[in-house]
Amino acid sequence: MVVKWDDLNEGDIGPQMDHGPLYEAEFKVYADAGGDSNPIHQDIIAAIKAGNAGIIAHGLYSHGMLGKMLVDWVGAENVRAYGGRMTGLTRPGDIIHLQGIIVKKYEEDGEKLADLEIKSTTKTYYLRGEGSADPSMSDEELLGNLAQGRITVNIDWDLAGEKKFELAFEAPNVEINQKRIVGDKALIRNWIRAEKDVIKAELLSKRKENTFWFGIIVLRDAIVGTATVAIPE
Amino acid sequence: MKGTTFKVKKKDLTAFAKSIGVTQEQYIGDDPIAHPSFANAYVFPALWKITDAKDPDGAPVIKNPLKILHGGQAYRFPKDAPPIKDEDKIKTVPKIKNIEVKANGMLVIDIEAESTIEKSSDESKIGKKVCESEIGVVVMPGGF
């Protein structure tokens with residue numbers, strides 16, 4: 001993709017990139033390549049001992065992805081600066097969404113430059129399932145109703161043998177097929193919701209008459225920062 | 001804080017680039033240059049130097065390195081920075097700019113670092129700055 005100065009406007013979304021879902025094995029590869037062998041990124045016991053709910057990604061892993069996004073957009077020779085604050089954790093199973101928004105275009109020392117607000121957001125599935133609703137309900141209204149849903153998890157686990165795990169999901173004005181609800185690992189791992197988390201629903205397929213497949217996701221900012229790039233002539 | 005020297009190896013340049021999904025030949029081919037994100041690798045040892053910090057009694061400031069989290073990291077790349085290649089040696093000199101315990105009980109350490117090429121087969125690169133970094137380190141309660 002060739003970025004053209006005249007096509008860029010302040011407020012526009014510039015570069016974007018998605019990566020994931022992430023696997024624990026990727027953290028090991030990054031640890032070996034990036035030189036950060038802190039066991040909280042590879043060993044669940046060490047991660048829990050350090051106060052985490054499980055293995056977490058290196059903060060610099062998402063940070064490295066931001067660099068990749070910028071290089072892919074304008075070329076390495078035009079990346080002048082980038083960085084940000086790590087505001088949330090990234091875990092196995094998460095999908096990383098990276099994005100830059102153009103906040104300023106200007107010329108300095110004969111160079112055309114753009115300042116960006118950059119962000120890495122993790123998207124985590126809590127559950128996926130099938131539901132039905134009145135076809136006259138708009139997609140927007142349907143997703144709004146799903147996002148107000150209530151998840152119930154019932155675990156009855158006799159450590160000597162029997163395991164029972166019941167998952168239910170209910171949402172206003174929507175019929176949920178309880179037999180076709182699948183919970184993701186993140187449901188257990190992340191069920192203590194942080195105040196800044198954004199819970200959303202999304203359609204996983206096109207609505208077919210009154211039935212549809214949906215996912216409940218949590219969006220969480222992982223890195224929030226800025227970048228400056230030169231825009232090639 | 002003491003500076004660190006990082007010897008660049010071709011296999012590390014390509015392994016790092018591949019670890020973040022880079023596919024361009026110039027970063028993963030036979031004669032690779034460092035991807036800008038490779039700053040993560042050569043700055044990191046300098047960041048880890050904070051674990052050497054001692055209090056006035058000689059005890060380590062950070063008692064449990066597992067409690068260290070990355071608070072933030074930012075890079076500035078000079079316009080005339082030379083490409084980093086196999087066998088280059090990069091010196092990174094970190095300085096603690098601020099250290100404080102926040103109201104939430106976290107120890108926050110702000111570090112600035114400057115990375116320059118210390119040795120290279122291309123003499124024109126020696127002494128050239130390749131990156132300036134700002135690093136935020138957070139130590140969770142119980143870690144200091």
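Modeller: One term before we start: two residues are in contact if their C-beta atoms, placed from the backbone, lie within 7 Å.

Biologist: Fine. What kind of model is this, and which residues count?
Modeller: This is a predicted model, where local features need pLDDT of at least 70, side-chain atom pairs count only at pLDDT 80 or more, and totals for chains, interfaces and linings use all residues. Residues are numbered from 1 along each chain as its sequence is written, while chains are lettered from A and ligands numbered from 1 in the order in which they are written.

Biologist: How many residues do chain B and chain A put into their contact?
Modeller: Chain B gives 27 residues and chain A gives 31 residues.

Biologist: Which elements of chain B give two or more residues to that side?
Modeller: Those are α1 (10-19), α3 (39-47), β2 (68-76) and β5 (129-139) of chain B. Helices (H or I, at least four residues) and strands (E, at least two) are DSSP runs here, numbered from the N terminus. The largest share of chain B's side comes from β2(B), with 7 residues.

Biologist: And what's that side like by class?
Modeller: The side of chain B that touches chain A has 13 nonpolar, 10 polar and 4 charged residues. For the classes, Ala, Val, Leu, Ile, Met, Phe, Trp, Tyr, Cys and Pro count as nonpolar, Asp, Glu, Lys and Arg as charged, and the others, Gly among them, as polar.

Biologist: What does β2(B) pair with over in chain A?
Modeller: Strand β2 of chain A, residues 79-86, pairs with β2(B) in the antiparallel sense over 5 bridges. Two strands pair if DSSP finds at least two bridges between them. In that pairing, G83(A) stands opposite A74(B).

Biologist: Which residue of β5(B) stands opposite A74(B)?
Modeller: That's E134(B). β2(B) and β5(B) run antiparallel, joined by 8 bridges.

Biologist: How many bridges join β4 of chain B to β5(B)?
Modeller: 10 bridges, again antiparallel, with β4(B) covering residues 107-119. There E112(B) stands opposite E134(B).

Biologist: Let's zoom out. How do the elements of chain B run?
Modeller: Chain B has 3 helices and 5 strands, in the order β-α-α-α-β-β-β-β from the N terminus on. Its C-alpha trace spans about 50 × 30 × 25 Å along the principal axes.

Biologist: What share of chain B is buried?
Modeller: Of its 144 residues, 36% count as buried. A residue is buried if 20 or more other C-beta atoms lie within 10 Å of its own, exposed if 12 or fewer, and partly exposed in between, with C-beta atoms placed from the backbone.

Biologist: Is α3(B) mostly covered or mostly open?
Modeller: Mostly covered, since the count is 8 buried out of 9 residues. Among them are Y42(B), V43(B) and F44(B).

Biologist: Switching to chain A. What's the layout?
Modeller: Chain A has 5 helices and 9 strands, running β-α-α-α-β-β-β-α-β-β-β-α-β-β from the N terminus on. The C-alpha atoms fill a box of roughly 70 × 50 × 30 Å along the principal axes, and buried residues make up 34% of the 233 in chain A.

Biologist: Which domains does chain A have?
Modeller: The assignment gives domain 1 (5-121 + 226-230) and domain 2 (124-220); the bounds come from an automatic or database domain assignment. Each domain puts 7 residues into the contact between them. On the domain 1 side that's 1 nonpolar, 4 polar and 2 charged residues.

Biologist: How far apart are the domain centres?
Modeller: 29 Å, taken over C-alpha atoms.

Biologist: Last one. How many residues of α3(A) are buried?
Modeller: 15 of its 16 residues are buried. α3(A) covers residues 59-74 and reaches 24 Å from its first C-alpha to its last, close to the 22 Å expected at 1.5 Å a residue; that expected span is 1.5 Å times one less than the number of residues. G75(A) follows α3(A), with a positive phi near 90°.
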